[in-house]
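Please read them with the structure open.

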Amino acid sequence: MQSVAPRRAMQIGLVGLCAIAVCLGRPFAGWPQQQSNQSPSSVQPEAASQNPRPGQMEANQESDSSQTPEAPSVEAPSVSPAAKVSQTPASPSESPKADSSERSNRPSREQMHSSPQSPSARYLLRYKFQPGEIIRWEVTHQALIRTTVSGVSQTAESVSRSVKRWKVLQVQPDGTAVFEHMVENVQMWQKLTGRQEVRYDSQTDKEPPPGFQTIAKSIGVPLAKITLSPEGKVVHRQRYISQPQDQPDSPITMPLPAEPMAVGQSWSEVFELEVPLETGAVRKVRTKQIFILKDVQNNVATIEAATQILTPNLPPEVEAKIIQQASAGFIRFDLEQGRVVEQQIEVDKRVIGFRGEASSLHCLSRFQEKLLSSEQTARRP
């Protein structure tokens, strides 16, 4: 009986993680945040010897293995063209704790301040779309969650790679765009302590493994029609696939500031999350997203992003449910193309006492998204 609680906690987190990152591609769902006069610190996942991995994809999804993924994500949420999705599902060694080479791609603070820019230069960030265009991002989500309850520890790990597609149906005179969101394909790997690892590749597997049926049904079909303003506000969302009522809508991509910004300036948004409790009640939690324009080079803006929980004195059991909200990372936005070309968002958070004094929950996750080049997109059907 002792292992039931930690096992369930990890299963919920793991499936949620995969569902969100894969089907929504959106890291921005309810990011909490940091004060505008502070620079979000980068998250360094813990060493490989400390954990195997994960948890819940982008806090806010619409699917655990029994749920139906929600409309688009993020996502989202990438700069240089990404390579084709690997045909071989990721292995355990690719968990967030590894990947030091990927971490080296993140711009250092020195690099972000190195370009000589005029103090008076201001940049207008706006999403731009063309009717009929198809935009694709490669999305990778890695997660590891270690749970300890009553002296029993278990670890859940997952890796997913997917291709997210937006098909632009219409662009209004003011730049507001209507597009359909879908996930074209996905590769998933996950493992729980004491159980065999599970792999699923939507391009090669005729039948999904147990627990992946709902996810499989959401691949390759439009999930929702979204109307998005140039500032990144969702004007309207029409779902083609239903979502559980306890999973509210969340931002689809990074919100943009109303006014032109100078390097060093920041903007923020406050969101309210509704967290379901074991009693059936709902706890409202205020979170804040903050974005800081760190640099602009070759028409690409580098933006630091972080989230902070504003509601004070939350009990550990509530903190555990929103553990993936405490994230930080960077986003690159192409000012000319008007879209996110790259982003990396990470979580390294520990909660003590979420199921009694001797319990702990440690979450490590990394969400990455890269825009696929028009050439790569043209080669796809």
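1. Start with Glu319 and Lys349. In this predicted model, their side chains form a salt bridge, with N to O at 4.0 Å. Glu319 sits in helix α5 (residues 316-321) and Lys349 in strand β11, so the bridge ties together parts that are 30 residues apart in sequence. Glu319 has 27% relative accessibility, so it counts as partly exposed. Lys349 is partly exposed too, at 28%.

2. Some salt bridges share partners. Arg136, Arg165 and Glu184 are joined in this way into one network.

3. How many salt bridges are there? The count is ten. One of them pairs Arg339 with Glu133, at 3.0 Å from N to O. Arg339 belongs to strand β11 (residues 339-352), while Glu133 lies in the loop between α3 (109-112) and β1 (134-149), so this pair links parts that are 206 residues apart in sequence. Are the two residues buried or exposed? Both Arg339 and Glu133 are buried. The cut-off for that label is under 20% relative accessible area.

4. Look next at Glu197 and Arg199. Their side chains meet in a salt bridge at 2.7 Å, N to O. Glu197 has 36% relative accessibility and so is partly exposed. Arg199 is also partly exposed, with a relative accessible area of 31%.

5. The largest nonpolar core holds 30 residues. Which of them touch the most other members? They are Leu125, Phe129, Met254, Trp267, Leu293, Ile303 and Phe333. Several strands give two or more residues to this core: β1, β2 (152-171), β3 (177-192), β5 (222-228), β8 (282-297), β9 (300-309), β10 (327-334) and β11. Strand β11 also carries Arg339 of the bridge to Glu133. In soluble globular proteins, nonpolar side chains tend to be buried together.

6. Leu125 deserves a look of its own. What does Leu125 contact, leaving aside neighbours within four places in sequence? The partners are Leu256, Pro257, Trp267, Ile303, Phe333 and Leu335. Among them, Trp267, Ile303 and Phe333 are also listed with Leu125 as core residues that touch the most other members.

Key: Residues are numbered from 1 along each chain as its sequence is written. This is a predicted model: local features need pLDDT of at least 70, side-chain atom pairs count only at pLDDT 80 or more; totals for chains, interfaces and linings use all residues. Side-chain values use heavy atoms; hydrogens and water are left out. Helices (H or I, at least four residues) and strands (E, at least two) are DSSP runs, numbered from the N terminus. Buried means under 20% relative accessible area, exposed over 50%, partly exposed in between (1.4 Å probe, protein chains only). A nonpolar core is a set of buried Ala, Val, Leu, Ile, Met, Phe, Trp, Tyr and Cys residues joined through side-chain atoms within 4.5 Å. Contact means heavy atoms within 4.5 Å.
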